[in-house]
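Please read them with the structure open.

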Amino acid sequence: MIVLYARVSTEDQARSGYSLPEQLRACRARAAELAPGTPVVEFTDDLSGEILERPGLQAALDLVRQGQVQYFICLHPDRLARNLVHQLLIYDEIRRAGAEIVFVQAAIEDTPEGRLFLSMTGAIAEYEKAKIIERTRRGMIGKVRAGGVPHIIRLYGYKFVKGAKHRPANEVVVPDETESRWVLSMFRWCAEEGLGPQAIAERLTQLGVPTKRGKEAWHHTTVRRILRNPVYATGRLVLGKRDHRGIAVARRLPKEERLKRGIKLTARPKPAGQEWGTIQVQPIVPMDLWQRAQEVLAGFRIGGRAENDPRRRYMLTGLGRCGICRGRLMYLSGRQIVCASRYMRHWVAGAPPSDCTLPAKPREAVEAAVWEQVRSWFQEGLLREALEQELAAMAAAPDQTGMEQELEALEEQIQAKREEQERIGLLFARGLWPADTALPALERIANELKALESRSKELRRRLAEGPPVLEQSPLWHLLNDREWLEQVRATLDHLDYAGRTELVQMIVGRYVMYPTGRKQPPKVEVFPRLQ
Ligand SMILES: [Zn+2]
């Protein structure tokens, strides 16, 4: 029996004499020369020689292993494999099974010279492949470092402007008018309505919003990836972060085969420092909104599953404020509650360090402290009083004055940052400040400015809205519902975590956590919800 093997891949298409019919024709001719009349079995693959587990090749080898094959014929060693080691492995296996391997385009004998020839051709095939990869990589790096953008960016919310090759990156990759609006909506739904990736994906699908690939249905992993991506708030887009090699090939393998061999279709992250570079594009989402979304997302991760199930939400998501810096509190890895501004670095590379010193506290302890306050409001009938106090405090508007003061201070800071930006820019333009220190400094200032401006905008909005009104408070209506109050009081001590979470989210507007010693229980102040 004679086995013929031919392989073609996309990169071979341009080479003449390498199509499958051409390869097979050459192999059949050689078979007829070697052993006329012997039965011939043909195997083919249309996969890259990068992978060894090709269905055609494996079937051919299975047959060879049965020991009935006299000749194994293929056009050239690089049809067996791209990689030299793989070529030798296959070569050895065929030979050990008692078959003779014949290359139409290269005379191989089992002699030292033959083996040397085989290694040479293999080495050359490998070298050519590596050269193509390296050339592409260097081309990309060069382009990015020179401030250009390689035409490979597919990021929801942005579009690639064609024919803008020599313009700065932020003019080549620009927010897409429609998509960027949806990005903003996704962040709002998450941060303001508390929706998780699954619920957002469902809403987008219902609204008929097309995905980047033009599909109709949104998947929650796509939504999660968008919500977790800092580029939407910082505009810092790192290119060439992942290694995509081998995916196009693996995608063509049958699914069962991929599962069996544990081959994944996702790109692997590259080691630090091997990225192509960073470009600055226009952010779409205010930093404050982005951060709030992170906090809500963290709340959906109890046990790492069923993210959209309200029964699996954390009790205090979105309610905490830092007693030192007034920043937001967040769940960290589901175990602790921490001040978000201290943990900015987890989210945003190059974020300014915070000088807040609020110690982290175990999640259970903080939840218990807040729950204790809510419980006593009901049991001792103190909720009405607490609500009236909070409203009185609001009406006296210390909050408004506080906001006005903060806004004033912010404006001063923004002004100072702008002057610093101008100064460094001027020195850099005159060649008095080298690029390697001036550019990172400018980038840092730009990020700080963005954060300050978004906070200032938020304050202006809240000041324009004015203080809340008693009759608009949903709690006020509940308090006048005696039946409801009785029911809550009766079930209060029998509620499970989900039940308590629901009640806390309904009743509490915010809680403030103050610093206490490392081993001390947390100290919290809880305020009822006004809006
Ligand atoms: Zn803080």
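1. First, the rule for aromatic pairs. Rings of Phe, Tyr and Trp (its six-membered ring) pair if their centres lie within 6.5 Å. Planes under 30 degrees apart count as stacked, those over 60 as edge-to-face, and the rest as tilted. By this rule the count comes to 6 aromatic pairs. Keep in mind that this is a predicted model.

2. Take Phe378 and Trp484. Their ring centres are 6.1 Å apart and their planes meet at 65°, so the pair is edge-to-face. Phe378 belongs to helix α15 (residues 363-379) and Trp484 to helix α20 (residues 482-491). The pair therefore ties together parts that are 106 residues apart in sequence.

3. Are these two side chains buried or exposed? Phe378 is buried, at a relative accessible area of 1%. Trp484 has 18% relative accessibility and also counts as buried. The cut-off matters for Trp484: buried means under 20%.

4. Another group of rings deserves a look. Tyr158, Phe187 and Tyr232 are linked by ring pairs into a cluster.

5. Next, charges over rings. Arg510 lies over the face of Phe527, 4.1 Å from the ring centre. Lys523 has its charged end over the ring of Tyr514, at 4.9 Å from the centre of that ring.

6. How many cavities of 30 Å³ or more are there? The count is 1. The largest cavity has a volume of about 40 Å³.

7. Which residues line the largest cavity? The lining consists of Glu295, Leu316, Thr317, Gly318, Leu319, Gly320, Leu329, Met330, Tyr331, Ile337 and Tyr511. Strand β12 (residues 329-332) gives the largest share of this lining, with 3 residues. By class, the lining holds 7 nonpolar, 3 polar and 1 charged residues.

8. Gly320 sits in strand β11 (residues 320-322). Gly320 is buried, with a relative accessible area of 0%. Leaving aside neighbours within four places in sequence, Gly320 is in contact with Gly327, Arg328, Leu329 and Tyr511.

9. A last distance to check on screen. Gly320 and Cys339 are 19 residues apart along the chain, and their C-alpha atoms are separated by 8.7 Å.

Terms used
Residues are numbered from 1 along each chain as its sequence is written. This is a predicted model: local features need pLDDT of at least 70, side-chain atom pairs count only at pLDDT 80 or more; totals for chains, interfaces and linings use all residues. Side-chain values use heavy atoms; hydrogens and water are left out. Helices (H or I, at least four residues) and strands (E, at least two) are DSSP runs, numbered from the N terminus. Buried means under 20% relative accessible area, exposed over 50%, partly exposed in between (1.4 Å probe, protein chains only). A charge sits over a ring if NZ of Lys or CZ of Arg is within 6 Å of the ring centre and within 35 degrees of the ring normal. On a 1 Å grid over the protein atoms alone, a cavity is a set of points where a 1.4 Å probe fits but cannot get out, and a pocket is an open set with protein on both sides within 12 Å along at least five of seven lines; lining residues have an atom within 4 Å of a point. Grid points are joined across faces, edges and corners, and a volume is the space filled by probe spheres set on the points. Ala, Val, Leu, Ile, Met, Phe, Trp, Tyr, Cys and Pro count as nonpolar, Asp, Glu, Lys and Arg as charged, and the others, Gly among them, as polar. Contact means heavy atoms within 4.5 Å.
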